[in-house]
Amino acid sequence: MSPQELTHRRRMLVLAICCMSLLIVSLDNTVLNVALPTMAREFGTSISGMQWTIDAYTLVLAALLMLAGSTADRVGRQKIFKVGLVIFTVASVACSLAPNLESLVAFRMAQAVGGSMLNPVAMSIITNTFTDPRERARAIGVWGGVVGISMAAGPIVGGLLVDSVGWRSIFWINLPVGLAALLLTIRYVPESRAPRPRRPDPVGQLLIIALLGALTYAIIEAPTAGWTSPLITAFAGVALLALAGLLLYEPRRVDPLIDLRFFRSAPFSGATVIAVCAFAALGGFLFLSTLYLQNVRGLNALHAGVWMLPMAAMTLICAPLSGRLVGSRGPRLPLLIAGVSMTVSGVLFAAFDAETENATLFIGYVLFGLGFGFVNAPITNTAVSGMPRSQAGVAAAVASTSRQIGQTLGVAVIGAVLASGVGASSYAAAFTGASRPAWWIIAGCGLAVLLLGALTSGRWARETARRTAERLETDAQGPPADTAHPDQHSTRP
């Protein structure tokens, strides 16, 4: 059945099914943060162990998002979506049964393999189902609102489950939702493929995995192994070699995993870096807040979740406001609001020890939630700004990958800074002093959002996007016959 033949009710049902997949993937991370201290006590692990329970998931997700999207375009979006639901649901059950930290990290990586097949593929299904631009915009708005719902519900749901049933129950949520989504997908989601799917790029995929994996390992394990130890130096070297390989190899591909020509557009480059900075700040903020509220203030998981609710509620309220501002006035104002709010929040904690007083702690959480609520909508809009329609999906996929990379690096860097300042058994007593450099890093991420938002949303930036779009359109039509070479980027006009 073609999208035009679907009734309005059927399209709404497809949207609801796609939102169910987004809900379990998004809720999984916010719920897990509240459970970290309880898990750490049961497994007897250090700060680095807690980091790996988060980063094992976001790292694999970041590495496989674009591969999953292109594979779905080629073999069928509904088919890949179903496979992702099965893997994610089964891996969630395995996480709830994990006997030790190593098993939990491995099962979290399996979860991420399934998760990588859900969000980007679900967005492709929505885009293919809602062909009318207005309906599509409303559908994407609903999709974005689910992220806010997961952030608002995650701390409370996680706290309730951890305190009443135990941390393993946080993974049980995915079982009924995943099974329901799978059965509904089989019955109601039509199959679709891209008219011209992108070719596989196994070399580029391996280089991405090597770059992200080696870099994350080096950052997380450096406080324990030593920043100049041979092991950390070796992993840092692998990351540099993988980056160099990407820069040299990808331009030679006809269908590269990452088209480096996109970065000639200032809005696209800005959106990519803004996504990394904003989600690095989010990952670090949640990580620090969880440790402080439970290990320093001594709150249980539920009360810690209640304290984090102002941040999540502001994100839920501001996300749709940001979307409307982007639609009416462009991305500049939301990015400036986001940058200012996130910077001020970070400075409150870094310079004024906001966490030590209830009033300033509340204000800091509200400001960060306000800033993060405004930053998400303009990231995707700015990434695809001026891009040809045929390339918009790829540009949005890069922005989504940047979000996961940012969250991975945020937890890795903030955790490494914290671990360097306190010992595994005494960090509660020394938390305030040890966390101050980490809060300055979060403030710096907010400042980067502010400056890049101002720089890459003006007239000059829009002109670079226009020129990039024209170049991409010209290249899509093919080079002249006397200069064409299928593998050489340098010969393209």
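I counted as a salt bridge any side-chain nitrogen of Lys or Arg within 4 Å of a carboxyl oxygen of Asp or Glu. The model is predicted, so local features need pLDDT of at least 70 and side-chain atom pairs count only at pLDDT 80 or more, while totals for chains, interfaces and linings use all residues. Residues are numbered from 1 along each chain as its sequence is written, and side-chain values use heavy atoms, with hydrogens and water left out.

Entry 1. I looked up the salt bridges and found ten in the structure.

Entry 2. I checked aspartate 259, whose side chain meets that of arginine 261 in a salt bridge at 2.6 Å, N to O. Aspartate 259 is buried at 9% relative accessible area (buried is under 20%, exposed over 50%, partly exposed in between, with a 1.4 Å probe and protein chains only). Arginine 261 is buried too, at 8%.

Entry 3. I then took aspartate 255, which forms a salt bridge with arginine 199 at 4.0 Å, N to O. Aspartate 255 sits in the loop between α9 (230–249) and α10 (266–296) and arginine 199 in the loop between α7 (174–188) and α8 (202–225), so the pair ties together parts 56 residues apart in sequence. I took helices as DSSP runs of H or I, at least four residues, numbered from the N terminus. Aspartate 255 is buried, at 6%.

Entry 4. I looked up arginine 253 and found its side chain in a salt bridge with that of aspartate 201 (3.7 Å, N to O). Arginine 253 lies in the α9–α10 loop and aspartate 201 in the α7–α8 loop, so this pair joins parts 52 residues apart in sequence. Arginine 253 is buried at 19%, and aspartate 201 is buried at 6%.

Entry 5. I noted a network of salt bridges linking Glu463, Arg466, Arg467 and Glu470.

Technical notes
Helix = DSSP H or I, 4+ residues; strand = E, 2+ residues; numbered from the N terminus.
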